[in-house]
Amino acid sequence: MFEYAEETGRWFPDLGNGMYKNPVIFADYSDPDVVRYKGVYYLIASSFNLTPVIPVLRSFDLINWRICSYISENLPLDGYDVPQHSRGIWAPSLLEHDGRLYMYVFTPDEGLFVSTSEAPESTWSPLKKICSSRGWIDCTVFWDDDGACYLVHGYAASRAGFNSVLTLRRMSEDGMSLKDEEKTDIFDARGRHDTLEGPKLFKRNGWYYIIAPAGGIEHGYQVMLRSKCIEGPYEDRIILHELEGGTINGPRQGNIVADDSGREWFLHFRDMGSYGRVICLEPVKWLEDGWAVFGEDVNGDGIGEPVQTFTKPYVSGNYPAEIPQTDDDFTGEGPGLIWQWNANHKKDWYDTSQNPGHLRLRALLPETSGCLFDQRNLLACKFPGPNFTAEVTVGLVHDGVRAGLMAVGNQYGFLELSGGPKECRIIWGRGVVLKEEQWEKAVVKIPAGGRHQIRLRLAVRFNAVCSFYYEGEDGKFYAIGEEYQTGRDTWMGAKIGLYSIKNGVPESDGAERYAEFSGFRVF
């Protein structure tokens, strides 16, 4: 069993002895795809309603990862100027063709989009819409040996009325449009591998293979399909499932990639509740009969189980242990790469030039729901491990503002400064955003003692139990409120959030009001 409870602070998967431990990224990167391009591994993941859109991470050894860019600043779609929880970017696909990277993705309500790049750490082409669709999800694109290009995708039952079916469609040879409206349903998994989705298509030794997860998010498994013809019929076999007793739960979708020795690895996510969908790496073993085992077959049933620790992939060169960024000193041109907004954002929402080393967040009017969870200018980053503490200094620049630190999820908590430089209070509160109930309330209110700039702290412990603290005038930190277990976001894990909202001013108030944040760090 993973010894999460013994880890405090940031999660380092590289054990420093030629071994690694899973997860290789203990953060919420749902529905990953991975490719090696010009000697570097690149990973992308779902971003749903968050912006910037589709994070891009890079690694030289599949173990140590850094955030390097995003594919688009905002979603080029109507309606996303307010949070669209559970909509937006689902399961992007990444591949190389003719020396260029191609990223394809469905939004479940709008259609299929593509972006390309030859410099994935800096520049991607604008998202181009290929076709309109509703309920098509989880794409994979494949160029065959004769240059023909194909799209395979699944379906969202919430939109299409069914799922567990994979469909093949022909694309133009440049991969920028559908060739026609014809389709072939190449595998119907209903009743056999329910909730089959997230396909990845590749060719090996004359066989067409599709790997796809099935069985649901929490306790699913990985299926491999194969056929001598791309249109099928396909044989199927389970190649990876969870350990007996559920100590390492359902291994979900991902893709395979090779190291310098030619050995292949399966990079995928597994669901960890409030922590989201973390990234794991499994060894791949091809058998003489042309099937594969992902992970290690520890119980001899012919199906792999996820590894807890394993020998690192072989790559030429030695690379330092590193993890996706967690801190921000706000010395860049805006929020650092760790942050994403709750909706399509605007440049005038923030500034780092007026007071170097400080992020000035413009206070917007509160959303109609009255819940921070729905605030469009909520700025959030992922939980970086099972046990950690996050700190930031919050300062009120104008009156009529509430600004603070929160644990973002469907059951959330917040700690804020409210008022302004002349009169400021420290407030701790809770909120719930569930189907059956929705509320937010301030629970504890104390005077700030004449201060309007205070360091706030969020401590997260095993099982996502959260507690908040504020720094007193004596430099010590004092607990406020009560411990609680945070909930997840919609399709996402919980996040650390910063916000700045107008408070106690009329809707007609046109004055620009701000709060400042500085010294964000995780330890």
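Q: Which residues does Ile 25 touch, not counting residues up to four places away in sequence?
A: This is a predicted model, where local features need pLDDT of at least 70 and side-chain atom pairs count only at pLDDT 80 or more, while totals for chains, interfaces and linings use all residues. Residues are numbered from 1 along each chain as its sequence is written, and side-chain values use heavy atoms, with hydrogens and water left out. Contact here means heavy atoms within 4.5 Å. With sequence neighbours up to four places away set aside, Ile 25 touches Leu 43, Leu 57, Trp 65, Val 278, Ile 279 and Pro 324.

Q: Which residues touch the most other members of the largest nonpolar core?
A: A nonpolar core is a set of buried Ala, Val, Leu, Ile, Met, Phe, Trp, Tyr and Cys residues joined through side-chain atoms within 4.5 Å. Buried means under 20% relative accessible area, exposed is over 50% and partly exposed falls in between, using a 1.4 Å probe and protein chains only. Of the 73 residues in the largest core, those touching the most other members are Val 24, Ile 25, Trp 65, Phe 468, Ile 496, Phe 517 and Phe 520.

Q: Which strand gives this core its largest share?
A: Strands are DSSP runs of E with at least two residues, helices are runs of H or I with at least four, and both are numbered from the N terminus. The largest share of the core is five residues, and they come from strand S27 (residues 388-396).

Q: How many residues make up the other core, the one with Val 40 and Trp 124?
A: This core lies apart from the largest one. Among its members are Val 40, Tyr 42, Ile 89 and Trp 124, and its size is 21 residues.

Q: Are the rings of Phe 142 and Tyr 208 stacked or edge-to-face?
A: Rings of Phe, Tyr and Trp (its six-membered ring) pair if their centres lie within 6.5 Å; planes under 30 degrees apart are stacked, over 60 edge-to-face, and the rest tilted. The centres of Phe 142 and Tyr 208 are 6.1 Å apart and their planes sit at 85°, so the pair is edge-to-face.

Q: How many residues apart in the chain are Phe 142 and Tyr 208?
A: Both residues are buried. Phe 142 sits in strand S10 (residues 136-143) and Tyr 208 in strand S15 (residues 207-214), so to speak distant parts of the chain, and the separation is 66 residues.

Q: Which residue's ring has the charged end of Arg 457 over it?
A: A charge sits over a ring if NZ of Lys or CZ of Arg is within 6 Å of the ring centre and within 35 degrees of the ring normal. Arg 360 does this with Tyr 514, 5.5 Å from the ring centre. For Arg 457, at 3.7 Å from the centre, the ring is that of Phe 477.

Q: Is Phe 330 buried or exposed?
A: Phe 330 has a positive phi of about 55° although it is not a glycine, and its place is the loop between strand S22 (309-311) and strand S23 (340-341). Its relative accessibility is 0%, so Phe 330 counts as buried.
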